[in-house]
Amino acid sequence: ATPTAVMVGVGRLARLGVLVRGGSTVERFAGIERMVFDKTGTLTTGDLRVGDFTVAEGANEAEVRRIIYDMEQFSSHPIAASITAFLKTTSLAPAAGPLTVSETPGLGLNATDNVGNHYYLGAARKLPAGVNVPANADVILLKNDEFLASLSLADDLRKGARTLVQSLDEAGIETTLLTGDRRAKADAAAKELGIKSVYAEQLPSQKLERIAALSAEKPTAMVGDGINDAAALSRADIGISLGGGSAAALDAAQIVLLRDDLSLLTEGRKVAALTLRTIK
Ligand code: ADP
Ligand code: MG
């Protein structure tokens, strides 16, 4: 590949809305044989809707809402914005006191209040012994390891997600779903999209390990939007971030889609392939 031809390709990609970083990125993009996708915020819009909101018997709902609200202010995950918007629709109890909050990407939030209570708000994985949660719970709130509330969330596929998977299929490019979301949600999305290979409930470190293994098999691109995807994005043969993604994802990626438009992946790959063909 002559530098001039690659530069022309980079320019064409940029006009399309596909920003390319790094010398050999166009070549590697053209040679991709597998595309791995994050789900929430990547294949889905990230505009999640709260379905069921369940509060433990005997708990004060307005106080529970306030705790969830305050905790989510510390997160930039799409889930946080969705839950915040939902909670604003009814009255919240006044804050009982300050919370010290920390976020674990791919899992959720932990907090302590000023009298030493511990709260966990996040995925319902590895529940404390004896704790039962509703079957459709996507996010649970535990207080001192006891169930306090849960929310179910629905997210919609992005426009063009199905067409994308179809076009990749036709081009002989394998598709894989790699998500932190729970198994049932991941399988449902994959089925709707026609993706056959699914890894669910993956922490950021597991996404990284998975991408390392997949990249060792064949040239693999990873497409993601979150902090939880950043390590995997930098480990893949090509990391691709959505323009609306988190700063960490944008930093880690070699390709950035300037619009959150999934058809840019198919169009961009075609341009990359053409760029190489004309110069061979
Ligand atoms: P994905 O890989 O689909 O983008 P994540 O890895 O970001 O998903 O998140 C996995 C799961 O962790 C979510 O489905 C949710 O249950 C939980 N989670 C992550 N961030 C938050 C948050 N800010 N508030 C509550 N739960 C969260
Ligand atoms: Mg995501």
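**The domain interface and the ligand site**

Tutor: In this predicted model, 11 residues of domain 1 are in contact with 9 residues of domain 2. On the side of domain 1 that touches domain 2, the residues divide into 3 nonpolar, 6 polar and 2 charged. Domain 1 comprises 3-45 + 157-279, and domain 2 comprises 49-154. Taken over C-alpha atoms, the centres of the two domains are separated by 31 Å.

The shell holds 23 residues, of which the closest are Thr-40, Ser-75, Gly-106, Ala-123 and Gly-180. At least two shell residues come from each of helix H3 (39-43), helix H5 (78-87), strand S5 (108-113) and strand S6 (118-122). Helix H3 provides the largest share, 3 residues. By class, the shell around ligand 1 divides into 7 nonpolar, 11 polar and 5 charged residues.

The largest has 52 residues, and Val-36, Ala-221 and Met-222 have the most contacts inside it. Leaving aside residues up to four places away in sequence, Val-36 touches Thr-176, Leu-178, Ile-211, Leu-214, Thr-220, Ala-221, Met-222 and Val-223. A second, separate core has 28 residues, including Ile-68, Ala-80, Tyr-120 and Leu-151. In soluble globular proteins, nonpolar side chains tend to be buried together.

Methods: Residues numbered from 1 in each chain as written. Chains lettered and ligands numbered in written order. Predicted model: local features only at pLDDT ≥ 70, side-chain atom pairs only at ≥ 80, totals over all residues. Near = placed C-beta within 6 Å. Helix = DSSP H or I, 4+ residues; strand = E, 2+ residues; numbered from the N terminus. Nonpolar A, V, L, I, M, F, W, Y, C, P; charged D, E, K, R; others polar. Core = buried A, V, L, I, M, F, W, Y, C linked by C-beta atoms within 7 Å. Buried ≥ 20, exposed ≤ 12 C-beta atoms within 10 Å, placed from the backbone. Contact = placed C-beta atoms within 7 Å. Domains from an automatic or database assignment.
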